[in-house]
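Please look through the model shown below before reading on. My notes on it are set out as numbered points.

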Amino acid sequence: MLIDIHAHFLHDRSPRADWQERNASRLRAGERVGITVHVASILGSWGLTSPIYFPSPADIEYGNAFLLGLQRSHPDRIRGYCVVNPNFGSHAEAELRRCLDGGMIGVKLAASRRADDALVDPICQVATKRGVPVLHHIWQHRRREYPGQEASDAGELATLAARHRKVNFLLAHIGGGGDWIHSLAAVRDLPNVFVDLSGSGVDGGMLEACLDAVGAERLLWGCDVTIDTGWAKLRYLERLLGGGDLELVKWRNAARIFPPTAFPAD
Amino acid sequence: MRLDVNSFVGSYPFRRVPGTSSDALLRAMDRVSVQEAWVTHLPGIFWRDPAAGNPWLYQTVEKHDRLRPVPAVHPGLAGWERVLGEAKAAGAPAVRCDPTYYGIDPVGSGMQALAQACAAEGLPLMLAVRLEDARQRHPNDRASELPPSSVRALIRIDPRLRLVVTHADRGFIEEVHFGSTLEESGRIWWDICWIWGPPEDHLATLLHTVGVERFVFGTGQPLRLPETSVAKLDLLDLTAEQRAAIESGNVVTLSKAKGPKPKLSSTPSRSLP
């Protein structure tokens, strides 16, 4: 069993003419790697009709609906995070209700509002009530503002996680660029923050540092937009970890923090 | 046979990196079935005289048949031509220069002179676009990335010049390849370590559009996990011939030489298994 907890799919109302090819490529590569389930999100229109990280309510609804459709058409292979924009609070709550009732298994917060902002609290309250984790997009050590997103770093996620101890948070793509050393230090002592290993970064020493900071019990395997780097990290983890710990990272930790019926083998 | 053209020994100044000794590098090579690696002295890249790390590099590779030296040359320092001579005498398969890390103009007079000298000596010149993701670099690690325009300019300096460019992504490679004549682009080899696999499939695209013959196996280890470059290839549907070309065959073409690895005491450059 291998669960990719950070995947994405594209759709017909995104800027990518090759969206079907990319989706097929993800599934094809997943078969080769041995990915049992892709837990994915769709960030609105991927920039076509509203910004990727500031998606409009209409784009959010379309993206989430498309992902629900994928989940239905690949019931053994695809699961969804419900994307919401905290700036549209009532819409976010309604969308969470619709998508979680429809079978999605988590919440995706990208970079529409800083993680420690009070507007994020109602979303976390829904996550608490529904027993689903929150995958939060993170810029590893944000040293300045970056255009196109109101990115959070691990310090801000830590503040949010301390306010919502019953919610499990996934610190997104530790290998996704930025200073992962800063991030690991920020969440080391927060038991409800899990580190998502995805991202194109494959730095020597990064996996050892992750294990040192949070242990195998709080690591989750994932790929994001580069399955090759995900597979590389998995292969190296097979050298670093014993069987039990490796299984934690591959799927058991995910099975523990997502709803009990989230995955086929559960 | 799998040959890594892009590896390092020695410590990295901006963060702790495990496995920087030659013994650790060999263990990592065993882990991913790399038989031979071209190695550079990593800390030297950040020294005022990068070539000062070359003697240590030569001594280190002399102890290990599977390692071959890629010494550093700083064309802004007097006597740099001597470094090329030493490289040839040591059987180096290439020399490297990372101008932005040295703080010199990537297409300035020094680089032009180095390109001409490498061409005349028949030594491939290696350049790295980057060593780490720009978003994660230490606040004091401010060298700019190698611009694609500099590679286009360098390859035009001498028709005998051969370049090996490491750590380039798809956009960089396309800009250089399609911004060069067929003759020019046919003298540039790219390592695969920074090119994305699926689902974006950048490597698959480049192998189709640029050509299998232009790519060589490189990892960037120990700064990067060497498993990555192997995984990229495992995710492609390559024929055995295509895979062999990337993993070692294209390096033979690049090196235009055959024969056993020479020892440090031998003089003329030759070689590649």
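1. Basis. This is a predicted model, in which local features need pLDDT of at least 70 and side-chain atom pairs count only at pLDDT 80 or more, while totals for chains, interfaces and linings use all residues. Residues are numbered from 1 along each chain as its sequence is written, and chains are lettered from A and ligands numbered from 1 in the order in which they are written.

2. Overall form of chain A. Chain A has 9 helices and 8 strands; helices (H or I, at least four residues) and strands (E, at least two) are DSSP runs, numbered from the N terminus. Its radius of gyration is 17 Å, close to the 18 Å that the globule rule gives for 266 residues, so chain A is as compact as a globular protein of that length. The radius is taken over C-alpha atoms, and the rule is 2.2 Å times the number of residues to the power 0.38. Along the principal axes, the C-alpha atoms of chain A fill a box of roughly 45 × 40 × 35 Å.

3. Of the 266 residues, 56% count as buried. A residue is buried if 20 or more other C-beta atoms lie within 10 Å of its own, exposed if 12 or fewer, and partly exposed in between, with C-beta atoms placed from the backbone. Two residues are in contact if their C-beta atoms, placed in that way, lie within 7 Å. Among contacts in chain A between residues at least 6 apart in sequence, 73% join residues at least 24 apart.

4. Two histidines to check. Most residues other than glycine have a negative phi, and most peptide bonds are trans. His141(A) has a positive phi of about 60 degrees and lies in the loop between β5 (134-136) and α5 (154-163) of chain A. His173(A) has a phi near 30 degrees, also positive, and lies in the loop between β6 (169-171) and α6 (180-187) of chain A. Which of the two is buried, and which partly exposed? His141(A) is partly exposed, because 19 other C-beta atoms lie within 10 Å; His173(A) is buried, with 27.

5. The sheet of chain B. An open sheet of 5 strands runs in the order β4-β5-β6-β7-β8 (chain B), with parallel pairing. Two strands pair if DSSP finds at least two bridges between them. β4 (95-96) and β8 (215-216) of chain B stand at the edges with a single partner strand each, so one side of each is left without a neighbour in the sheet. β4(B) pairs with β5 (residues 125-128) of chain B over 2 bridges, and Arg96(B) stands opposite Met126(B) in β5(B).

6. Cis bonds in chain B. The peptide bond from Pro198(B) to Pro199(B) is cis, with omega near 10 degrees. Pro199(B) lies in the loop between β7 (188-191) and α9 (202-211) of chain B. The bond from Gln221(B) to Pro222(B) is also cis, with omega near 5 degrees, and Pro222(B) is in the loop between β8 and α10 (227-234) of chain B.

7. Contact between the chains. The contact takes 25 residues from chain B and 29 residues from chain A. On the side of chain B, α10(B) gives the largest share, 4 residues.
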